[in-house]
Amino acid sequence: MSPACGSCRGIRGWGKVSNNTTVALGSSSSPGSLFYSINRKLHSAHSSTRPQPSYPGHIPLTPFENTFLAAGSALMSLIDTRRADMVAACGETTAGSTLVKLRDIVLESPEGRRILKERPRINSQTLDMEKLRSLPENTFGRAYIGWLDACKVTPDSREPVHYIDDPELAYVMQRYRETHDFYHALFGFKVSALPELALKAFEFTNLGFPMTALSLGASLRLKPPQRARLWTEFVPWALRCGSHARCLLTVYWEERWEQDLDEMKRELGVWDPPAGITIPRPSRIASL
Amino acid sequence: MQQAARSIRVPRKLQRSTCRLFHNSSSLGSSNPSGRTTSFGFKTVPEESKESLVKGVFDSVASKYDLMNDASSLGVHRLWKDSLIDTLKPGRKGPLRCIDVAGGTGDIALRILDHARENYADRETTVEIVDINAQMLKEGFTRFKKTMYHNTPQVSFHEGNAQELPPSQFKDDSYDLYTITFGIRNCTSIPAVLREAYRVLKPGATFACLEFSKVNNPLLSTLYDQYSFTVIPLLGTILAGDRDSYQYLVESIRKFPSQPEFAQMIRDAGFSTGGDFDGGAWTDLWGGIASIHTGVKV
């Protein structure tokens, strides 16, 4: 079984589903990156060999630069685990053909095709937090907002994609980054090191990004008992669950706020991880 | 691993303010009182906005400035600064009153004081560090706290603009040595800086500038360009999380006048320099990657 998404479909050509118009990825890209891409056009001959950016925030890299950044960002992510921008850069520079495979898998599902067509974004402007809070307890939407509150995070400030050349693949990467929180909410994973690594293991088997496997190297930074638990309890769960589940990038989460959480898990083919790294389910507490 | 990153997911405020400044500058083009423009890296901006754009860059890079200097020059910047001090030999002819402009993190000031102390047992030489950017001065102050000069009259820190040093604080004809290291290319008007340098120096005193310059050897120039435009912005991304500031810094090097042009500007301000050749008005370091320009106020 292929490590990516449960069944081996291979790379079937959908032809060049290329999008020559610049994509509105700029809505959350920093003005600095916008300046950078404008500035590139005003350049002198020094970097005229560098291709033009294909979307706001795009920073085209030569193969050497890509390798350099891949190595540097991987090292930096290990040294300073708070550098979310380095984890992002590592993911992008090591993605390789993973994004192409994923994009094709997404295209094969009707729900996925809708995602690629509509290109929804997830941030505090696009999400109606109050509406989510008003949903019944056992729904996915309520679980998500409950998780945001419990872990004190916001859906904002995800680093925009910079180093993927094709705009559609860049969107797929951006979607992965933004839906990562939904995976947290689905299982109720907390945001500390151990649950994050367990989730990365799950993502590796479900989606296939090399960075997710590389990030397991950061388990060296865990305390030995935690590291042991990761490898003996959570990684086996992740391997089985991730490969059994359908590719989570094909899920149009924003259409499923009202769906019952347990029913959603059955539909997607996932089950809860071993205890110890998840937040308590509100419904269970309420029924006690 | 994004566990703690979540709690500080907001991008660094400083970087955002830099980016906002970069973004605003493109809209500032429509409101341009004096009509004069200047370069900001490869971009052209209204003269009035360069100062705040540069401020944004240095606010952003201050905390990692020394680290990035070491990483991007592979430590060579230390050799260049040592070269400058060896050329000047501060303290050889008695204690000096020095002013180190754009001296933020204190690299040169520390070398001046150490050279005078170690070679000439001179504890009377003083250095006044002037910088337009408070963040850089703060880094310098912190560094000096680890040395023996902290809380002595030998070093002092002043926020000020190299183009307009307040005359009440920086009087005419009062300094024996004026240094500006890797700072003058960030100033909006180089002639204004040179005029101020001329004003505050005593007659017979020395002006010294260490700055990135033109590399004449074509092979070295190509390698240097490749390195600058490929590796340095990536190092900025990786080490400091800020590509744009370092992109500006490498671009600003290319916009700086060549050695003979800068030597002429120094003469135009009233200084007397050596001849227009390497070893005269300037000394090239590492093939011209950096260059030390000197002049004497007559």
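How are H4(A) and H5(A) oriented to each other? They are roughly perpendicular (angles of 65 to 115 degrees). The model is predicted, with local features needing pLDDT of at least 70, side-chain atom pairs counting only at pLDDT 80 or more, and totals for chains, interfaces and linings using all residues. Residues are numbered from 1 along each chain as its sequence is written, chains are lettered from A and ligands numbered from 1 in the order in which they are written, and side-chain values use heavy atoms, without hydrogens and water.

**View 1. Crossing of helices H4 and H5 of chain A.** Helix H4 (residues 98-108) and helix H5 (residues 110-118) have axes that come within 5 Å and cross at roughly 115 degrees. Axes are lines fitted to C-alpha atoms, for helices over the stretch in contact, and angles run from 0 to 180 degrees between N-to-C directions. Helices are DSSP runs (H or I, at least four residues), numbered from the N terminus.

**View 2. Residues joining H4(A) and H5(A).** H4(A) contributes A:Arg103, A:Val106, A:Leu107 and A:Glu108 to the contact (heavy atoms within 4.5 Å), and H5(A) contributes A:Pro110, A:Gly112, A:Arg113 and A:Leu116.

**View 3. A:Asp181 and A:Glu196 in their helices.** A:Glu196 belongs to helix H9 (residues 193-206) of chain A and is buried, at 1%.

Conventions. Helices (H or I, at least four residues) and strands (E, at least two) are DSSP runs, numbered from the N terminus. Angles under 35 degrees count as roughly parallel, over 145 as roughly antiparallel, 65 to 115 as roughly perpendicular and the rest as oblique. Buried means under 20% relative accessible area, exposed over 50%, partly exposed in between (1.4 Å probe, protein chains only).
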